[in-house]
Amino acid sequence: MEQQIETLKKQLKQQEKLASLGMLSAGIAHEIQNPLNFVINFSKMSDKLLKDLTEIVEVNADKLSVDDREEMEDIVADLKENMSKIVEHGERAISIIRGILLVSRGKDNEFLPVDVCKLVKEYVWLSYHAMRANHKNFNISIHEDYEEGMPPMMVIPQDLSRAVLNVMNNANYAVWKRSQTNEEGYQPEIDVSVKTANGQLTITIHDNGIGMSEEVKNHLYDNFFTTKPIGEGTGLGMAITRDIIENKHGGRIDFESEESMGTTFTFILDVRH
Ligand SMILES: Nc1ncnc2c1ncn2[C@@H]1O[C@H](COP(=O)(O)OP(=O)(O)OP(=O)(O)O)[C@@H](O)[C@H]1O
Ligand SMILES: [Mg+2]
């Protein structure tokens, strides 16, 4: 009994840490948005200035030697390309930040039209980078297969992203765990796909990690069931994920798993536009 209380206390602390981490990242995201906007706006302005500069050079072309003119044109072309890279990557950073803000701010249980492929992609890579932050030299190949031109779907974005993140975190952990056995020729792989067919949206995440024993399969969705060391897992991930998919979205979650082979999780939701 005492031991159980001790374990629960530790898990509660972990949950509190996660909650404050969420608030912290929302705060940071918000603060970064402003300077990032400056970076993007000044890059756009500089791009315009380069256009003006090009015009001046053109008008005065006869006053420059051929060599000088060519060199100048090359430099201007490079600068333009650099500017557009700054804008492109700055905008990418902004969209990641929006994603974080949406997750931490989003209202409870609110269905919104969402580009599901984009959402899945964002959280797949968020999970991957979190993994890489802990294990610097660990390489996973992630194969992504997203249906093209999928129209926005009505889902609860902050919940669906949580579900994708939970399953991805487990997949990353499972392949990492298997890689620790130093099995010869093992290549950690995760396959992600998002498809629609017959009015249903299917999100599949497959890993070739350690897989699950019958015992683990039977308790997978139990609250606080975890095989991870204390501090690494709370055992709530899949319970929360099932609640999100089945109760909140009225969908279904399936899995297939074989020990030492891998695991596949599938979310099946009715398409709502
Ligand atoms: N892809 C997977 N491959 C192998 N085992 C898995 C996989 N997904 C889940 N499991 C098993 O199911 C258990 C429960 O998963 P769940 O996500 O609920 O909790 P957790 O990952 O241990 O902790 P957390 O609450 O941090 O997610 C895991 O501890 C693990 O044993
Ligand atoms: Mg988990």
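A crossing of two helices is called left-handed if the near helix is turned anticlockwise from the far one by less than a right angle, and right-handed if clockwise. With that in hand, here are some close-up views. The model is predicted, so local features need pLDDT of at least 70 and side-chain atom pairs count only at pLDDT 80 or more, while totals for chains, interfaces and linings use all residues. Residues are numbered from 1 along each chain as its sequence is written, chains are lettered from A and ligands numbered from 1 in the order in which they are written, and side-chain values use heavy atoms, with hydrogens and water left out.

**View 1. Helix α4 meets helix α6.** The crossing of α4 and α6 is left-handed. Their axes lie 9 Å apart and the packing angle is about 140°; axes are lines fitted to C-alpha atoms, for helices over the stretch in contact, and angles run from 0 to 180 degrees between N-to-C directions. The two helices α4 and α6 are therefore oblique to each other (angles under 35 degrees count as roughly parallel, over 145 as roughly antiparallel, 65 to 115 as roughly perpendicular and the rest as oblique). Helices (H or I, at least four residues) and strands (E, at least two) are DSSP runs, numbered from the N terminus. On the α4 side, look for residues including Asp-159, Ala-163 and Val-167, which meet α6 residues including Met-238, Thr-241 and Ile-245; contact means heavy atoms within 4.5 Å. This contact of α4 with α6 divides into 7 nonpolar, 4 polar and 3 charged residues (Ala, Val, Leu, Ile, Met, Phe, Trp, Tyr, Cys and Pro count as nonpolar, Asp, Glu, Lys and Arg as charged, and the others, Gly among them, as polar).

**View 2. Thr-241 in helix α6.** Thr-241 sits in α6. Its relative accessibility is 0%, so Thr-241 counts as buried (under 20% relative accessible area, with exposed over 50% and partly exposed in between, using a 1.4 Å probe and protein chains only). Leaving aside residues up to four places away in sequence, Thr-241 touches Ala-163, Asn-166, Val-167, Ile-253 and Phe-267.

**View 3. Helix α3 against helix α4.** The axes of α3 (residues 116-134) and α4 come within 9 Å and cross at roughly 40°. The pair α3 and α4 is therefore oblique, and the crossing is right-handed. Among the contact residues are Leu-119, Tyr-123 and Met-131 of α3, and Leu-160, Val-164 and Trp-176 of α4. The contact of α3 with α4 divides into 14 nonpolar, 4 polar and no charged residues.

View 4. Five strands form an open sheet in the order β2-β4-β5-β7-β6, with mixed pairing; two strands pair if DSSP finds at least two bridges between them. At the edges are β2 (141-146) and β6 (252-258), each pairing on one side only. Helix α4 (residues 157-179) packs on the sheet, touching β2, β4, β5 and β7, and its direction makes about 20° with that of β5. Helix α6 (residues 237-248) lies across β6 and β7, running at about 140° to β6.

**View 5. Strand β5 and its two partners.** Strands β4 (residues 189-197) and β5 (residues 200-207) run antiparallel, joined by 8 bridges. Val-192 has Ile-205 of β5 as its bridge partner.
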